[in-house]
Amino acid sequence: MEWVATWVFLTHKWGPSVPKTTKARYPTKPLEGWKHCKELRLQHYKAFITARDEGKAIFTGSGDGSQILVHALHDSLFLSGEPYGASIGGDPAASDAFSEACEARGFARDLDSYMRNYLGSMYLDRYYFGGPFPRPDFVFSFHVCDTHFKWYQIVAEHFNVPTFGIDIPVSGRLSDRRESRQEYLASQIYDGIEWLEKTTHRRFDDERFIQVLHNLTETESLWGQICIQNQAIPAPLDQRALFTLYFPGFMLFYQPETPAFYRELLDEVKQRVKDGIAAWPYERARILHDSQPPWHWMKVFRIMEQYGGVSVGSQYAFCGGCSFDVDDQGVWHAPKTIKERGIVLQSREDAVRFLAEWEVGRLMFSVFCGNADDKNRQFLQMVKQWHCDGVMFHLNRGCEGVAQLQLENRLAMIEAGIPVGSFEGNMADHREFDEAQTIDRIESFMESLGLTKLELA
Amino acid sequence: MITAGVDVGAETVKVVILKDGEVLASSIVKAGLDRQKSAEEAMGNALNAAKISKSNIQKITATGIGRKEISWATDMVTEIAAAAKGANKLFPSARTVIDIGAEESRGVKVNADGKVIDFAKNEKCAAGVGSFVESMSRAIETTVEQMGPLSLKSDKIIPMNVTCVVFAESEVVSLIHAKQTKEDIARAIHEAIATRTTSMVRRVGIEKDIALIGGVANNPGVIERLTQHLGTAPLVPKDPQLVGALGAALLAAS
């Protein structure tokens, strides 16, 4: 069969020349949606270069939720700090220049590496995608991580622009005091709407707000369905693809191109599952990944693949782009859209209530709760549903929030009899990364799973 | 079947040749900048001792930090797998293996077959490994070999806030200025290694029996301190620095 690749391995000079071969177990082919996804991302970042000429407002803040309210006012561009810092983190030379510019102003080297990349870019007035740093009109930020709002406070002070922060309450367990947390968030959303109207001198359009929420849930539902498809053996997508493909859902959910793209992608992934098309044709073990990856060294997944280990998902990629529905048995399902839930949003009050419920219930926020129980439960469920043979923890020194429960999660996996491996690194600062040590740790973990290195050319 | 294991470490290259699972010969040479050359020398010494030629060896498995530099190895395994296998051969009852080499220390949880269940390594810091002892021995003007016997003469515990080798050297200098004896300083250094190592091994869980391997296991001062911290005396083989190469040779045969 054509897809059965065969490589010849040259044996050592003393031994007999017996060719070693590793045969692919599954067919594979490139993902067609990949290029389109990269284009959507690049278009988004390039748009900042011409935004001023096109009369578009620019604002900045944390994560993705920040833009839900702003898009109800006008078409604007949102520079989300974390994905921007990650983009820089993928380029060690740029990351060096930006993080060192930030550190030269007195910021400690152990602070969030996304933040240091972003602030350095701002201080040097160099936008990573070309031209000067895009000056925001205002700062408007939802945040779950306390240090993140301080980040945008610095940005606001630097540009002397107004700032508003909405604190998404996370503490204890996701289910704790849910109603009071929703009320707390909803009250801030009302304040935020009032602040936006005063700051931008524009009317908050409730119809646009409701439409953005429909787009949000449709996009997240589609992303959830794509992630669920990856439960198939062999996995149609690998972790590197997931980390790239979740970007439109995370950042561009408000625009109609995003659900359209995800519908096409879902069809393609379903077809791959039907045809048994693998992301990695040598899949022999399935690994759950934890934390952001070291963006400057995505080879971490290649090292696993050299042993037949495929990273099939992570809480970060799954839940960063989607708030899964969890049933009474703990099983994860792609979230239902507003329509599928039978909800009719008719007023600002309906929409605010829905948004508050949606945000407070995000599974991703379990990492910020300071209590390992939720994340442990999520990990055990992901291992089960995505048929994982082990968990690889990137002990990420670049993000205190995501890293805070990792060692407890690790212990919980061990207690449950799930093999775990770990390596130390930093998502966006290559200076804190030791390539040789990382390879050694990954290879040791693969061997402990009973895997041997594939004989590849 | 004749197999060989080559352990290319940071300080030394070790070779063990096995015939049907039993040791025919072994050798240790100092690792130079050219690891391949050092490995050739170590292999040559072992072959001479075994009175066989290279062509008699069916499989050669390399391990250690420099394993990828050995072009003539037929296979490679990580230090973790090699340590587990080698320790299991020598001490089948061991469920925890502590391997302290020149550059790295490792804690490995193993099952009865020598299969790795979990492992932990020191991270980006030499303050718990052999190069630390070497560096500190220079600071107190003695030899690595003397560090252990010196340490055993002390009955004092001086705390050291060891965060890295460079800072530790400053601390040692301060202790010298504070008129602490060489014996007490040597013990403080071993205490620092023992606390760091025990903390690392606790990440995988400490289960008896415990095997201690690697070059640092030749140091009775470290063994004495580790015994205190582990609450039990570790099993230490003769030639503990050869266990990785032994494990590699066993894996080559399997």
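## Basis

In this predicted model, local features need pLDDT of at least 70 and side-chain atom pairs count only at pLDDT 80 or more, while totals for chains, interfaces and linings use all residues. Residues are numbered from 1 along each chain as its sequence is written, chains are lettered from A in the order in which they are written, and side-chain values use heavy atoms, without hydrogens and water.

## Helix pair in chain A

Helix α14 (residues 372-385) and helix α16 (residues 406-415) of chain A have axes that come within 9 Å and cross at roughly 50°.

In the contact (heavy atoms within 4.5 Å), α14(A) contributes A:A372, A:K375, A:N376, A:F379 and A:L380, and α16(A) contributes A:Q406, A:E408, A:N409, A:A412 and A:M413.

## Interface of chains A and B

Chain A supplies 25 residues to the contact and chain B 27 residues. About 2,300 Å² is buried between them, with 47% given by carbon and sulfur atoms (accessible area, 1.4 Å probe, lost on being put together and summed over both parts).

Six salt bridges are counted between chain A and chain B (a side-chain nitrogen of Lys or Arg within 4 Å of a carboxyl oxygen of Asp or Glu). A:R441 and B:E104 form a salt bridge at 3.6 Å, N to O.

## Salt bridges overall

Over all chains, the structure holds 45 salt bridges. Among them is the pair A:R397 and A:E424, at 2.3 Å, N to O.

How values were computed
Axes are lines fitted to C-alpha atoms, for helices over the stretch in contact, and angles run from 0 to 180 degrees between N-to-C directions. Helices (H or I, at least four residues) and strands (E, at least two) are DSSP runs, numbered from the N terminus. Buried area is the accessible area (1.4 Å probe) that two parts lose on being put together, summed over both.
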